[in-house]
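User: I'm new to reading protein models and would like to learn how to spot side-chain contacts. Could you walk me through a few?

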Amino acid sequence: MPPCIWPHFHQSQASRHRPSSNFQQTTPFKSFWKLNLSQAEIFKKEKIKSSRKTKIFMAFPSKSIAFISFLILTITEASHSIPFIVLHGIGDQCSNRGVKQFTELLTNFSGSKGYCLEIGDGTWDSWFMPLEEQTAVVCEKVKHLKELSKGYNIVGLSQGNLIGRGVVEFCEGGPPVKNFISLGGPHAGTASVPLCGSGFLCLIADKLIKSEIYTDYIQAHLAPSGYLKLPNDIVHYLEKCRFLPKLNNELPGERNSTYKERFTRLQNLVLIMFEQDNVLIPRETSWFGYYPNGGFKPVIRPQETKLYTEDWIGLKTLDDAGRVHYISVSGGHLGISRKDMKKHVVPYLKDQASMVGSIQSSYAKVQGSHHQIRQSRKRKQEVPWLQDKASSELILNGSSYYQWPSSVQSFFRELLGLAKD
């Protein structure tokens, strides 16, 4: 016989102690009943304790959820920092105060690590190394810089934008470029050489460059010749200019679908034009706008150019996807302020780790830590004019970079046979 469900005796024992009519006085049943009452009370107490714990936890659901979310975001987002590189313009170099400060400020504002990549010796090579070679130098650097291996952003300054786009389109096997932020880039070309200044030498040099700009010698020895696009000499531009026609996929019958495919991988293309820019002719080239073939009037909107309508490089594809941002700021060439940097550049460089900092700050608010915030507000009230002055201060003044250095002037003196004995 299987044992009885009663725990203290088997069937044989139960037969010896069958319950009488007054079963509550029967010892085995009485003890069993008391035992079960005790177990029930213990179970009830345990259930009450468990219920209290649940109520305590549920009393603070928002804090618990916030803390868990904070931990998850801290672990996952802090590991997705995307660095950026800065490519300076002509006549400049990474060690110059303006570019150095610009790179450091972007790093501080965004929380992402920035690197200014130098090409050769900087100033001289920015003038005299052909853009194809400058692009190849940067391509090798980004491939060997391990910090960029998982992807990076590009911030281009003037001529540096064309080198950056060359890296995006031409660099075989390079790490992926996420966002491209262009400040005053001659994307559709420029109809004038960079400023030389005043004086007889500059006038002669300017005329010489314009008349000989599409010769093999100038193309091989003067970097800006790679994107000087004279509307009244488009035939020679397409035949002889060695860089921009290839970069913009302008050559009929030679358009490379790979360049377009690589360019359209960008997550964001930010095109910043300076409203008082007198270096780029026309200034709308910063947005891919330009003159019509054969004349200097009017300036064609970027969306009306063949490069856009026929989608030679994928600009229309990016624009249709909402990934092109046309921005106009006050100032001369590259004359950008801290305020405009924070508003138009930093959001596309934002390190996700800095988002964790924001979450930490928000969590501190939940916990009631308002002291630092109050102190910050107090400081703002005390010196608002200092903050306004700092935010409007120009970090870069690109127009000054386009004054030809003495080494460049010496080069043209020799070229024109005017070198001093």
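This is a predicted model: local features need pLDDT of at least 70, side-chain atom pairs count only at pLDDT 80 or more; totals for chains, interfaces and linings use all residues.

User: Which side chains meet in a salt bridge with Arg242 as a partner?

Analyst: In general, look for a side-chain nitrogen of Lys or Arg within 4 Å of a carboxyl oxygen of Asp or Glu. Here Arg242 meets Asp216, at 3.7 Å from N to O. Arg242 lies in the loop between H10 and H11 while Asp216 belongs to helix H9 (residues 216–221), so the bridge ties together parts that are 26 residues apart in sequence.

User: Is Asp216 buried or exposed, or in between?

Analyst: Partly exposed covers what falls between buried, under 20% relative accessible area, and exposed, over 50%. Asp216 has 46%, so it counts as partly exposed. Arg242, at 35%, is also partly exposed.

User: How many salt bridges are there in the whole structure?

Analyst: A search finds nine. One of them joins Glu140 and Lys143, at 3.3 Å from N to O. These two sit three residues apart in helix H6 (residues 131–144), so about one helical turn separates them.

User: Why is the pair of Phe170 and Phe243 called edge-to-face?

Analyst: The angle between ring planes decides: over 60 degrees counts as edge-to-face. The planes of Phe170 and Phe243 are at 85°, with ring centres 6.2 Å apart, so this pair is edge-to-face. Phe170 is in helix H7 (residues 160–170), and Phe243, 73 residues away, is in the loop between H10 and H11.

Methods. Residues are numbered from 1 along each chain as its sequence is written. Side-chain values use heavy atoms; hydrogens and water are left out. Rings of Phe, Tyr and Trp (its six-membered ring) pair if their centres lie within 6.5 Å; planes under 30 degrees apart count as stacked, over 60 as edge-to-face and the rest as tilted. Helices (H or I, at least four residues) and strands (E, at least two) are DSSP runs, numbered from the N terminus. Buried means under 20% relative accessible area, exposed over 50%, partly exposed in between (1.4 Å probe, protein chains only).
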